[in-house]
Amino acid sequence: MWERAGFTIIVEGAKYEIPTVFAIPLGFVVNEMITNSAKYAKGNIIVRLETTPTGGHLLSVLDDGPGLPAGFDPANSKGLGMKIILSLLKQIGGELQLARGDNGRGARFTVKFSSPARQS
């Protein structure tokens, strides 16, 4: 957990090792999503890593800000951050999903991706 200037970043999820070829782009994506959330959130920002029953992964950043404007389309966003996110996700075959945050408040940015487990 990290706290600063009125908000807290909470990281949730089981331990999972991600190969470097996926981890580097995902790190940049999460950084950009947290930066966006920090601009608008008033309290908590949650970073969550989940594994789906089919072996895929979901990496989400949730906040309690005002949420996304109606009809927001990331592909048509003029913001550099969203262009960076979409470009990095294309590199790893990831997909961006947008929704309301927990309890219908704020925003949830979820990256859906598949990567092989890193072998020890």
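Where is the place of Ile 45? In this predicted model, Ile 45 sits in strand β3. Its relative accessible area is 0%, so Ile 45 counts as buried. Leaving out residues up to four places away in sequence, Ile 45 touches Phe 7, Thr 8, Ile 9, Ile 10, Ile 34, Ser 37, Ala 38, Val 61, Leu 62 and Asp 63. One of these, Phe 7, is 38 residues away along the chain, yet the C-alpha atoms of Ile 45 and Phe 7 are separated by 7.2 Å.

Strand β3 also takes part in a salt bridge. The structure holds 1 salt bridge, and it joins the side chains of Glu 12 and Arg 48 at 2.7 Å, N to O. The pair ties together distant parts of the chain, with Glu 12 in strand β2 (residues 7–13) and Arg 48 in strand β3 (residues 44–51), 36 residues apart. The two partners fall into separate accessibility classes. Glu 12 has a relative accessibility of 31% and therefore counts as partly exposed. Arg 48, at 16%, counts as buried because the cut-off for that class is under 20%.

β3 and β4 pair in the antiparallel sense over 7 bridges. Within this pairing, Thr 51 stands opposite His 57 in β4. The side chains of Thr 51 and His 57 also make a polar contact, at 3.4 Å.

His 57 lies in strand β4 and has a relative accessible area of 2%, so it is buried. Apart from neighbours within four places in sequence, His 57 is in contact with Tyr 16, Glu 50, Thr 51, Thr 52, Val 111, Lys 112, Phe 113, Ser 114 and Ser 115. The strand as a whole is mostly covered, with 6 of the 7 residues of β4 buried. β4 pairs with β6 as well, in the antiparallel sense and over 6 bridges. In that pairing, Leu 58 has Lys 112 of β6 as its bridge partner.

Next comes helix α1. An α-helix has 3.6 residues a turn, so residues three or four places apart point the same way.

Val 29 belongs to helix α1 and has a relative accessibility of 1%, so it counts as buried. Setting aside neighbours within four places in sequence, Val 29 is in contact with Ile 85, Leu 88, Leu 89 and Val 111. Val 29 and Leu 86 are 57 residues apart in sequence, and their C-alpha atoms are 8.7 Å apart in space. The other example is Leu 26, which touches Ile 18, Leu 59, Ile 92, Val 111 and Phe 113 when residues up to four places away in sequence are not counted.

Helix α2 holds Gly 81. This glycine has a relative accessible area of 13% and is therefore buried. Gly 81 and Asn 31 are 50 residues apart along the chain, and their C-alpha atoms are separated by 10.0 Å.

In soluble globular proteins, nonpolar side chains tend to be buried together. The largest nonpolar core here has 25 residues, and those with the most contacts inside it are Leu 26, Met 33, Leu 59, Val 111 and Phe 113. β2, α1, β3, β4, α2 and β6 each supply at least two residues of this core. The most comes from α1, which gives 6 residues.

Terms used. Residues are numbered from 1 along each chain as its sequence is written. This is a predicted model: local features need pLDDT of at least 70, side-chain atom pairs count only at pLDDT 80 or more; totals for chains, interfaces and linings use all residues. Side-chain values use heavy atoms; hydrogens and water are left out. A salt bridge is a side-chain nitrogen of Lys or Arg within 4 Å of a carboxyl oxygen of Asp or Glu. Helices (H or I, at least four residues) and strands (E, at least two) are DSSP runs, numbered from the N terminus. Buried means under 20% relative accessible area, exposed over 50%, partly exposed in between (1.4 Å probe, protein chains only). Contact means heavy atoms within 4.5 Å. A polar contact is a pair of N or O atoms within 3.5 Å; within protein, one must be able to donate a hydrogen and the other to accept it, and residues adjacent in sequence count only if both atoms are side-chain atoms. A nonpolar core is a set of buried Ala, Val, Leu, Ile, Met, Phe, Trp, Tyr and Cys residues joined through side-chain atoms within 4.5 Å. Two strands pair if DSSP finds at least two bridges between them.
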